[in-house]
Amino acid sequence: MATLHMLSYSPFADSRLASCLRLLAADDALLLTGDAVYALQANTAQRQALELMPVSIALFALEEDLAARGLTAVPERLQAIDYAGFVELCCRYDRTNAWL
Amino acid sequence: MARSMLIITRQSPWSGPTAREALDIALAGGAFELPLGMLFLDDGVFQLTQAQQAAQLQQKDLTANLQALPMFGIDSLYAAKRSLSERGLDATKLSLLVEVLDDDALRTLINSYDHVITL
């Protein structure tokens, strides 16, 4: 019974990412969209926190949001997805939790 | 059978309409007898402090409305232990009877509902 957690706000502006990271269960996944993809910015504590997540937690980001922001040096564990992949993920997990 | 939903509320009552909107979702769902739970997380725990005076800011009192949750059949009320302690709040002096849960228990809680929404 796993949850897809979805973040869309910059992790440099508020505590959504920090809170979410604490509440991720072993088989949950994290999907970054919008300004939340800035969490992948190199040389930041946020990027490091994502890299240190247990390997059982899958990490996704919306490809067009990465490209729009010029984020190319992404972690190896990151799986970039398009909108069709977004829909597929929502169906794959038991529930979604959008951190609005 | 109705599907269950956990509403995670993580804004203070004074940061905008979000706290009230989360409560409205809960009360509306309760009126339709949906199996709901509500979790107070991060600044959301500030909704539970006593002696708030909403009239000072020309606002309506959220505390009184929170008291309506059990009357609407919403008894599954939780607060995050870490959020309370980070903010210096005493779990025994809250305006609403909630179950205080640590991070491990919260992970299990979230994965026990059909739907989750975080506001």
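How many bridges join strand β5 of chain A to β5(B), and do the two run parallel or antiparallel? There are 3 bridges between β5 (residues 95-99) of chain A and β5(B), and the strands run parallel. Strands here are DSSP runs of E of at least two residues, helices are runs of H or I of at least four, and both are numbered from the N terminus; two strands pair if DSSP finds at least two bridges between them.

A word on conventions. This is a predicted model, in which local features need pLDDT of at least 70 and side-chain atom pairs count only at pLDDT 80 or more, while totals for chains, interfaces and linings use all residues. Residues are numbered from 1 along each chain as its sequence is written, and chains are lettered from A and ligands numbered from 1 in the order in which they are written.

Let me turn to the interface. In total, 14 residues of chain B are in contact with 13 residues of chain A, contact meaning that the C-beta atoms, placed from the backbone, lie within 7 Å. On the side of chain B that touches chain A, the elements giving two or more residues are α5 (103-110) and β5 (115-118).

Next, chain B as a whole. Chain B has 5 helices and 5 strands, which follow the pattern β-α-β-α-α-β-α-β-α-β along the sequence. Its C-alpha trace spans about 45 × 30 × 20 Å along the principal axes. Of the 119 residues in chain B, 36% are buried; a residue is buried if 20 or more other C-beta atoms lie within 10 Å of its own, exposed if 12 or fewer, and partly exposed in between, with C-beta atoms placed from the backbone.

Two residues illustrate these classes. B:M5 lies in strand β1 (residues 5-9) of chain B and is partly exposed, because 19 other C-beta atoms are within 10 Å. Beyond its neighbours within four places in sequence, B:M5 is in contact with residues including B:L34, B:H115 and B:I117.

B:Q53, by contrast, is in the loop between β2 (36-40) and α2 (62-66) of chain B. B:Q53 counts as exposed because it has 9 C-beta neighbours inside 10 Å. From B:Q53 to B:D43 there are 10 residues in sequence and 17 Å in space, C-alpha to C-alpha.

Note on methods:
Contact = placed C-beta atoms within 7 Å.
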